[in-house]
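Subject: A structure for you to look at

Hi there,

Here is the structure I promised to pass on. Please open it alongside this message, and my notes follow below.

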Amino acid sequence: MSLKQTIQDDFKAALLSGDRFRGEVLNAIKSAVLYEEIASKKREVGLSDAEIENVIAREVKKRKESASIYLENNRKEAADQELKEAAIMEEYLPEKISEAELIKKIDDKIKELEVSDIKGMGKVIGALKSELGSAVDGKLLSDKVKEKLTN
């Protein structure tokens, strides 16, 4: 079953069970996916699961950034709300890769691409991002690749 269909089924189940909050979060995911389909002119064919994961990851990131802003402004309840939404959305993302696994993959990719200095950083990041998708945090990946190539 596709990720889009899973989200749709879970949305219906949430509404039928009376879980209004979960239903609203899943509806937000559906809206973001629809917006991306229209923006990328894929409304008829739909997005692939990987593209949907990228949309969800972007939505999770927005919520986490909002939560940190709310916390800076002493609005704990609003921050908690954003983090609850992010937690539900993260259920539809693949398991994040551990830092140790990431470092091993970076080392392997650097050897495979024969990159020896910081000029090849983009090549390494691009290759790993396409391989790992939303299973890796972009900032963490960038930091670790930079660290490896500057040492």
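**Overall picture**

In the protein, 58% of the contacts with a separation of 6 or more are between residues 24 or more positions apart, where contact means heavy atoms within 4.5 Å. Please keep in mind that this is a predicted model, in which local features need pLDDT of at least 70 and side-chain atom pairs count only at pLDDT 80 or more, while totals for chains, interfaces and linings use all residues. Residues are numbered from 1 along each chain as its sequence is written, and side-chain values use heavy atoms, with hydrogens and water left out.

The protein has seven helices and zero strands, and its elements run α-α-α-α-α-α-α from the N terminus on. Helices (H or I, at least four residues) and strands (E, at least two) are DSSP runs, numbered from the N terminus. The C-alpha trace spans about 55 × 45 × 25 Å along its principal axes. Of the 151 residues, 33% are buried; buried stands for under 20% relative accessible area, exposed for over 50%, and partly exposed for what lies in between (1.4 Å probe, protein chains only).

**The cores**

The largest nonpolar core holds 18 residues, and Ile7, Ile29, Ile52, Ile56 and Tyr92 touch the most other members. A nonpolar core here is a set of buried Ala, Val, Leu, Ile, Met, Phe, Trp, Tyr and Cys residues joined through side-chain atoms within 4.5 Å. At least two residues of this core come from each of helix 1 (3-17), helix 2 (20-39), helix 3 (49-72) and helix 4 (76-90). Helix 2 gives the most, with five residues.

Not counting residues up to four places away in sequence, Ile56 touches Leu3, Ile7, Ile29, Met89, Tyr92 and Leu93. Another core, of 14 residues, lies apart from the largest one and includes Leu102, Ile106, Val124 and Val145.

**Two helix pairs**

Helix 1 and helix 2 have axes that come within 9 Å and cross at roughly 150°. Axes are lines fitted to C-alpha atoms, for helices over the stretch in contact, and angles run from 0 to 180 degrees between N-to-C directions. Helix 1 and helix 2 are therefore roughly antiparallel to each other. For the wording, angles under 35 degrees count as roughly parallel, over 145 as roughly antiparallel, 65 to 115 as roughly perpendicular and the rest as oblique. The crossing of helix 1 past helix 2 is left-handed, that is, the near helix is turned anticlockwise from the far one by less than a right angle (clockwise would be right-handed).

On the helix 1 side, the contact is made by Lys4, Ile7, Gln8, Asp10, Phe11, Ala14 and Leu15, and on the helix 2 side by Arg22, Gly23, Leu26, Asn27, Ile29, Lys30 and Glu37. By class, this contact of helix 1 with helix 2 has six nonpolar, three polar and five charged residues. Ala, Val, Leu, Ile, Met, Phe, Trp, Tyr, Cys and Pro count as nonpolar, Asp, Glu, Lys and Arg as charged, and the others, Gly among them, as polar.

For helix 3 and helix 4, the axes come within 8 Å and cross at roughly 165°. That makes helix 3 roughly antiparallel to helix 4. Helix 3 also passes helix 4 in a left-handed crossing. The contact of helix 3 with helix 4 divides into 10 nonpolar, one polar and seven charged residues.

**Residues to click on**

Arg63 sits in helix 3 and is buried, at a relative accessible area of 13%. Leaving aside neighbours within four places in sequence, Arg63 is in contact with Ala28, Glu82, Glu85, Ala86 and Met89.

Most residues other than glycine have a negative phi. Lys41, though not a glycine, has a positive phi of about 55°; Lys41 is in the loop between helix 2 and helix 3 and counts as exposed at 75% relative accessibility. Asn74 is not a glycine either and has a positive phi of about 55°. Asn74 lies in the loop between helix 3 and helix 4 and is exposed, with 72% relative accessibility.

Happy browsing!
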